[in-house]
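I'm going through the salt bridges and then the ligand site.

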Amino acid sequence: MNMEAPRARSGRLLVVSNRLPFSVQRSPNGDVELLPSSGGLVSALVGYLEARKQEPGALELIWAGWAGAELSAEETNELRKTALERQGGYPLRLAGADMDRFYHGFCNGTLWPLFHYFPSYATYEEEDWETYRRVNQQYCDEIVEMAQPGDEIWVHDYQLLLLPALLRQRLPDASIGFFLHIPFPSFEVFRQLPTKWRRELLEGVLGADLMGFHTHDYSQHFLHSVFRTLGHEHYLGRINVDGAIKAVETFPIGIDFNRFWQASTSAEVAEIRGRMAAGLGGRRVIFSVDRLDYSKGILHRLRGFEAFLSLFPEYARQVTFVLLVVPSRELVTRYQRMKQELDELVGQINGRYGSVDWVPIVYQYRSVPFAELVALYGLADVALITPLRDGMNLVAKEYIASKPEGTGVLILSDMAGAARELGEALQINPNHTREIADAIHEALTMPAAEQRPRMRAMQGRVKTYDATRWVDSFVSTLHRTKERQGRLATRHLTGAPLADVLERHRRAAKRTLLLDYDGTLVPIAGTPAEAVPDAELITLLRDLQTPSQEVIVISGREHRSLAEWFRDVPIGLVAEHGAWQRDAQGEWTMPKPLPDHWKKQVGPLVQSYVERVPGSSLEEKDYALVWHYRLALDQELAAQRAKELTDDIVTYTANLDVQVLEGKKAIEVRNSGVTKGVAGNAHTAHGPDFIFAAGDDATDEDLFRALPRDAVTVCVGGMHSHATYRLSDYRELRAVLRAMLPR
Ligand code: GDG
C-alpha cells in the first residue's frame with residue numbers, strides 16, 4: 001500500500017474519465033445546462049479540489065470527459081468556459097452515435113460483469129469491441145489536442161483501458177498515470193476475454209508510467225495477468241516495458257472526510273435528521289444506499305434482513321430498514337428485471353412481517369441531496385453494506401465519517417475493497433444469509449462501549465487516508481516513477497555521453513572490446529541453435545578487429561557453435577563463460593583443467609525437470625548443464641519449477657565444486673570459479689587504455705564488476721545493472737560499434 005507523505009506540487013494535472021462530474025441537459029428550448037452528478041470518483045476529486053482551492057501554486061486540475069450529450073463546436077466552446085470555472089471541467093467532443101454502444105456494450109456488457117466476477121452475464125461482441133477501440137481513440141485525439149507540454153495525464157477506470165497506450169504513441173514523453181476503480185479479477189476470470197482483446201487491453205494500460213489499484217489483491221491479479229498474457233515479469237511491482245520501467249502500486253481511495261464530519265454536526269442536517277427520526281417513530285434504523293446493480297448484493301441483503309426478522313421476532317416494530325436505491329442503467333433489460341425482483345421482494349417481506357403500524361422496509365428508488373444522505377447516515381444505528389464484489393465502496397467510509405459521536409455499527413461484506421482497511425467492522429460473506437442475520441442481531445445488541453473503540457479506530461484511518469491524500473499520493477508516486485525513468489535515461493549511451501565515449505575510443509592506442517553474444521549482439525532466439533550470426537554482424541566484427549583493437553566475443557555458449565560460426569573471423573572467442581578460449585589465430589585452449597564427472601550426477605535431475613515441464617529442454621556443454629524453459633508451454637509452471645530446480649541442485653551438489661546460475665529463462669550448472677569476470681580480467685591484463693564491455697544478463701554483471709573502473713560497461717536492455725551505460729537492444733549496440741570502425 002502506498003501511504004507516503006504528500007508533497008505539494010504545481011503544474012497542470014489532466015484528469016481523464018468517461019464522464020464529467022456534471023452532465024449536460026437540453027431544455028425544451030434547446031439550451032444546454034449543467035447538472036451535477038454523483039459517484040465515487042466525483043466525491044473523491046471534488047473533495048480534493050475543495051481542499052486545494054485555497055493553496056497558492058497548487059496543482060491546477062483540469063477534468064476532461066464526456067458531458068453526456070453531443071454538442072456542436074460552438075456549444076462545446078461555450079460550455080468549456082463555464083465548465084472550466086466550475087470544478088475545472090472540460091467537456092470533450094465525442095461522437096454521440098458511438099457513446100451508447102460504448103457504454104452499454106463493451107463497458108457494461110463485457111468488462112463490468114467480468115471484472116465483478118459475473119462471467120455468465122458477460123457478452124463478447126466484436127462490434128462492441130470495435131466501438132470501444134474507436135471511442136478510446138476519440139478520447140485520445142481530444143486529449144492530444146488539449147494537452148500542453150509538461151502536463152501530467154491521469155486516466156481513470158475501465159472505460160478507458162486502451163487510452164494510456166494510445167496517448168503514449170502520440171505523446172511519447174508524457175507523464176501518464178492510470179487508476180482502476182473496480183476490481184481487477186484473477187487471471188482465471190480475465191482469461192475469458194479473447195486473447196487478442198486481452199493483449200490489447202493490458203498493453204493499453206501498460207502505456208501508463210504508473211498503474212494504481214484499490215487493493216494489493218487487484219494489483220497482484222493485474223501483474224499476474226500481464227505475466228500470463230504478455231510474458232512481462234515484474235520485480236516488486238516494477239515492469240520493464242520496451243526499456244521503460246513502469247510501476248504498479250496500491251492506492252486505496254479515500255473520501256472527503258471533513259465534509260461529512262462537518263455536515264453531520266450542521267443545523268441543517270440536524271433538522272432533517274430530527275424530522276426523519278420522528279417519521280420513523282423513533283425506531284432503531286438500519287440503512288443502506290447503492291446504485292441499482294447486481295454487484296451490490298441488494299437482494300442478498302434483503303434475504304438477510306428477512307432471516308433476521310424470522311430468527312429474532314422480538315425485533316418486530318423495533319427496527320426499520322431504510323433501503324435507498326439509486327436508479328442506474330434503466331434501459332438495460334437485466335437492470336429492469338433486477339428492479340422488478342427488488343420491488344417484489346420488498347413487497348413480500350413487508351407483507352409478511354409488517355403490520356398496520358409498522359413497515360419493516362422503507363424503500364426509496366431515487367437519489368437524495370447530500371444533506372439528506374448525511375442525515376440518513378447519522379440516523380442509522382447500523383449500516384448494512386453487502387456487495388458481492390466492489391472495487392472499494394465509499395458508502396462504508398462515508399458512514400464512518402458521519403458519526404461524530406462514535407456510535408453506530410458498520411456491517412460490511414468482505415468482498416468489498418474497503419474491507420481491507422475496515423477491520424473493526426462486522427464483516428460478513430453476503431452469500432451466507434444466516435451470517436447477515438446474525439450480524440444484524442450482533443450490531444443491534446452491541447453496547448456503546450464496544451461500538452466506540454471500533455468506530456474511532458476506523459475514523460482515524462478514514463480521516464488520515466482521505467481523498468486529498470489519495471490524489472497526492474498517486475501524483476507524487478507518478479512523479480517519482482517518472483524521475484526514476486529519467487535517471488535511467490541519463491545513462492542511455494547516446495548524445496553527449498556517447499560522443500564522450502567515442503572521443504576516448506579515438507584517442508586510445510590499444511583497445512579491447514568484450515562483447516557478449518546472445519541478447520547483446522543478436523536477439524534472444526527460442527533455442528540456442530537458432531541464434532546464428534547474420535552476415536552484417538560477421539562483417540562488423542571482422543572489420544572491428546585491427547592491430548590496435550582487439551575484439552572478443554565472450555559467451556556462455558558451448559565452444560562448438562562459436563567455433564563453427566566464427567571459423568573464418570579472426571577475433572577472440574570465450575566459450576562456456578571462460579572454460580574455453582580461442583585466440584584471433586583460431587587456436588582453442590582451456591585456461592585451466594576442469595572436472596566434468598559431476599554432470600553424470602546432476603544430469604538425471606535436470607532431465608527429470610525436462611519431463612515435468614513440457615517444452616523445456618536440457619543443453620549439455622562440455623563443462624556445464626543448462627535447463628532452458630523459454631519455450632515451455634506453461635510459463636508460470638516453468639518459473640515455479642526453475643526455483644525448485646535451483647533449490648534441488650544446491651542441495652544435491654553441496655559436496656561438489658559447482659555453482660547454479662539463473663539466466664534468462666534458463667538455469668545453468670557449471671564449475672565454480674569459471675566466470676566472465678575471471679575471463680575478462682585475463683583478457684585485459686595487458687593493459688589496454690580503452691576497455692568496452694557489453695552484455696545483457698547476470699553473467700555479464702560478473703564481467704562489469706571485475707573490470708577496471710574506467711572501463712566503459714554497457715547493459716543491453718534489462719533492469720538492474722552495474723554497468724555505467726544502457727542501450728535498448730542489439731541494434732543500438734551495433735550502431736555504437738559501427739562508430740568504432742577504423743576510418
Ligand atoms: C466505483 C466503484 C469505488 C450514492 N447515492 C447518492 C449519493 N451517492 C454517492 C455516495 C458515494 C458514491 O455515490 C457511490 O460510491 P461507490 O463507492 O459505491 O462508487 P461507484 O460510483 O459505484 O464507483 C467503487 C468507487 O468507484 C471509487 O473508486 O468505491 O467500488 O464501483 O460517494 O455517497 N450521493 C448523494 N445522493 C445519493 O442519493 N448525494
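I started with Asp 293, which counts as buried at 1% relative accessibility (buried is under 20% relative accessible area, exposed over 50%, partly exposed in between, with a 1.4 Å probe and protein chains only). Its salt-bridge partner is Arg 291, at 3.7 Å from N to O; a salt bridge here is a side-chain nitrogen of Lys or Arg within 4 Å of a carboxyl oxygen of Asp or Glu. Arg 291 is partly exposed, with a relative accessible area of 26%.

Note on provenance: this is a predicted model, where local features need pLDDT of at least 70 and side-chain atom pairs count only at pLDDT 80 or more, while totals for chains, interfaces and linings use all residues. Residues are numbered from 1 along each chain as its sequence is written, and side-chain values use heavy atoms, with hydrogens and water left out.

How many salt bridges does the count come to? I get 44 by this rule.

Next I looked at two pairs inside helices (DSSP runs of H or I, at least four residues; strands are E runs of at least two; both numbered from the N terminus). Arg 506 and Glu 503 sit three residues apart in helix 18 (residues 495-507), about one turn of the helix, and their closest N and O atoms are 2.8 Å apart. Arg 506 is exposed at 56%, whereas Glu 503 is partly exposed at 26%. In helix 2 (residues 73-85), Lys 81 and Glu 78 are likewise three residues apart, and their side chains meet in a salt bridge at 3.6 Å, N to O. Lys 81 is exposed, with a relative accessible area of 54%.

I also logged a network of salt bridges that links Arg 101, Glu 127 and Asp 128.

Then the ligand. I find 22 residues around it, with His 181, Val 368, Asp 390, Leu 394 and Glu 398 the closest (near means a heavy atom within 4 Å). A polar side-chain atom of Asp 390 lies 2.5 Å from a ligand oxygen. For Leu 394, a backbone N or O atom is 2.7 Å from an oxygen atom of the ligand. The protein covers 88% of the 730 Å² of accessible area that the ligand has on its own (Shrake-Rupley, 1.4 Å probe).

Which helix gives the most to the shell around the ligand? Helix 13, with three residues. By type, the shell divides into ten nonpolar, eight polar and four charged residues.

Notes:
A polar contact is a pair of N or O atoms within 3.5 Å; within protein, one must be able to donate a hydrogen and the other to accept it, and residues adjacent in sequence count only if both atoms are side-chain atoms. Ala, Val, Leu, Ile, Met, Phe, Trp, Tyr, Cys and Pro count as nonpolar, Asp, Glu, Lys and Arg as charged, and the others, Gly among them, as polar.
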